[in-house]
Amino acid sequence: MQISVPNLFKERKYPFLFALSILLISFTILLLTNSYSPFTSLPLSSDFHISRSHPPSPPPPSSSRSTNDTVRSPPEPVLRNDAAADVDLNVSLDIKWRNCKLGAAAVDYIPCLDNWKAIKELKSRKHMEHRERHCPSPSPRCLAPLPTGYKVSVQWPKSRDMIWYDNVPHPKLVEYKKEQNWVRKSGDYFVFPGGGTQFKNGVISYIDFIQKTLPAIKWGKHIRVILDVGCGVASFGGFLLDKEVITMSFAPKDEHEAQIQFALERGIPATLSVIGTQKLTFPDNAYDLIHCARCRVHWDGDGGKPLLELNRILRPGGFFIWSATPVYRDDERDRNVWKSMVALTISMCWKVVAKTVDSSGIGLVIYQKPASYSCYEQRKEKRPPLCDQKNKQNVSWYEPLSYCLSRLPVDSVGNMLSWPRPWPQRLSSKPPSLPSEPDAEDIFNEDAKHWAALVSDVYLDGLAINWARIRNVMDINAGYGGFAAALNELPLWVMNVVPIDAQDTLSIIFERGLIGVYHDWCESFNTYPRTYDLLHSSFLFRNLKERCDIIDVAVEMDRILRPGGYLLVQDTMETIKKLNPVLRSLHWSTSLYQGQFLVGKKGFWRPSDG
């Protein structure tokens, strides 16, 4: 029989209509009360609202595999796929993004180093205070524009020798250092011949000269982790990579225009820093060797605090190579500097193990830090004194320089820690400073196995990341450095960042033959815009959400990452639901894999406000 509304009334089926109406009303109420908004705990300003206007993100690749079959359970609980089913990756925050209004300086904006208001108010610049960090508050929510003509960076290893001029359009060093072969302009490129102030016969010859002067150095075996102070365009560190040596090249953002930006664009590890009034953001006893070639640091200044800071971060038994005019010239000024350096190094128990001049007339001296307390105890004058162990704070973050000799590292029973094993064994062997708790080594080994499996089976095989284009990588919550260790065979390098509110594992990272720094992710990082190809975050945001806004962290990630670069996040679904809309508002594409890995890819988009 045909069913119609008149028939329902004729056949007195009012109860049916009533029940149907109740059912529809109930379903509507249930739907409205259970609809999820990812912004329930994310404060929104009047500048933005929720939008779904962006195009859909690309689907995950067909080769994606489940981690449950091949990867050990990570230290965090694995997120269920059903929790990810209600994540709409097309949801965006409609934020009114603007370019930073700083004129020509905007393309290279570093918020904590370019805070001109704070710099102008400094009472002194005598100790390089104007080159130190002065972070604005609140953090600026503006975007660094792209240089005109910016292109995808030249791929490694070609980039070591040449980069696009338009990506770092700063020709000042070409003229300023033209006699020293730092950098030349050739058509659309900057070319790096491998010269330097002290590398008159080229950097390769200089590196070999050091090895011949002191064979005990054994590049890439005994000496693995190096700090190059005042590095120029980082050719020293760039060519040491051929010898399995990783060099943290550093210099301030100063009149030597964009030297660290050149280094990072070349694909060479580097960071912006200065030896001024504060400790460097490295742990005690970190580096196997420290190098300074005409680095313009007055080591004996302020009672010798700059050199005492090097002593703090130099591993016991490690070397300091100083190549500067006081070593080999005989004018009055150089003689006075040399006398001061001799007095200071003797008081610190540093031993001269080599002093020589090469065929080009460039000389160097190599000092060695003591590996025991015997010299310290035999000094007639205990100046400088040993640092007070009670006041030891290893996390050097906004800590003033100290006038004292850092104590030598010991284990839990007071035995001196040994030098790490030769590279590459030190990468996987037990780090000397690993805590002595019964399960500490098991935890370390499990962490290494976890990252090896996760990187091999998921990161390299199951995500839509073009690893062939990846050179500069940052692990923004590095732990023991397991992520970096698992990538060791690839032609890339990793800056391991240990957040100041996380467990202090940076000493272990250095003992493994890796590099890194301390940082607070509520502030901007000491690097130029567009300097990293991939940022990796494993459960970073749980400790940050009480102190800073996820939007500010996303803005900083956008600043650091190159166009075409990736952000790889493993975190809780709550965090992913908050972070993804911010990334989409920046016109990033995003994809979610296996319910716990968010991959964001930055594009070339910038606001059109000029």
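User: Which residues of α8 are buried?
Analyst: The buried ones are Q259, I260, Q261, F262, A263, L264, E265 and R266. Keep in mind that this is a predicted model.

User: Okay, and how many of the residues of helix α8 does that make?
Analyst: Eight of its eight residues are buried, so the helix, which runs over residues 259–266, is mostly covered under the rule that buried means under 20% relative accessible area.

User: What follows α8?
Analyst: G267 does, and its phi is positive, near 90°.

User: Are R562 and E265 buried or exposed?
Analyst: Both R562 and E265 are buried.

User: Why would side chains like that pair up at all?
Analyst: As a general point, side chains of opposite charge can pair when their charged atoms come close.

User: How many salt bridges are there by this rule?
Analyst: The count comes to 25 salt bridges.

User: Give me another one. What does the side chain of K243 meet in a salt bridge?
Analyst: K243 meets the side chain of D208, at 3.8 Å from N to O. K243 is in the loop between α7 (235–240) and β7 (246–251), while D208 belongs to helix α6 (residues 203–213), so this pair ties together parts that are 35 residues apart in sequence.

User: What does K243 count as, going by its relative accessibility?
Analyst: K243 counts as partly exposed, at 33% relative accessibility. D208 counts as partly exposed too, at 30%.

User: New topic: helix α18. Which residue there forms a salt bridge with R559?
Analyst: That's E556, and the closest N and O atoms are 2.8 Å apart. E556 and R559 both lie in α18 (residues 550–560), three residues apart, which is about one turn of the helix. E556 is buried, and R559 is buried as well.

User: At what angle do the axes of α18 and α19 cross?
Analyst: Roughly 50°, and the axes come within 10 Å; α19 covers residues 573–585. That angle makes α18 oblique to α19. The crossing is right-handed.

User: Which residues meet there?
Analyst: On the α18 side there are I550, I551 and A554, and they meet T575, K578, L579, V582 and L583 in α19. The residues of this contact divide into six nonpolar, one polar and one charged.

User: Last topic, C231. Where does C231 lie?
Analyst: C231 lies in the loop between β6 (225–229) and α7.

User: Is C231 buried or exposed?
Analyst: C231 is buried, because its relative accessible area is 10% and the cut-off for buried is under 20%.

User: What is C231 in contact with, leaving aside its neighbours within four places in sequence?
Analyst: It's in contact with S249, F250, A251 and I260. I260 is one of the buried residues of α8 that we began with.

User: How far apart are C231 and A251 in space?
Analyst: They are 6.1 Å apart, C-alpha to C-alpha, and 20 residues apart in sequence.

Notes: Residues are numbered from 1 along each chain as its sequence is written. This is a predicted model: local features need pLDDT of at least 70, side-chain atom pairs count only at pLDDT 80 or more; totals for chains, interfaces and linings use all residues. Side-chain values use heavy atoms; hydrogens and water are left out. Buried means under 20% relative accessible area, exposed over 50%, partly exposed in between (1.4 Å probe, protein chains only). Helices (H or I, at least four residues) and strands (E, at least two) are DSSP runs, numbered from the N terminus. A salt bridge is a side-chain nitrogen of Lys or Arg within 4 Å of a carboxyl oxygen of Asp or Glu. Axes are lines fitted to C-alpha atoms, for helices over the stretch in contact, and angles run from 0 to 180 degrees between N-to-C directions. Angles under 35 degrees count as roughly parallel, over 145 as roughly antiparallel, 65 to 115 as roughly perpendicular and the rest as oblique. A crossing is left-handed if the near helix is turned anticlockwise from the far one by less than a right angle, and right-handed if clockwise. Contact means heavy atoms within 4.5 Å. Ala, Val, Leu, Ile, Met, Phe, Trp, Tyr, Cys and Pro count as nonpolar, Asp, Glu, Lys and Arg as charged, and the others, Gly among them, as polar.
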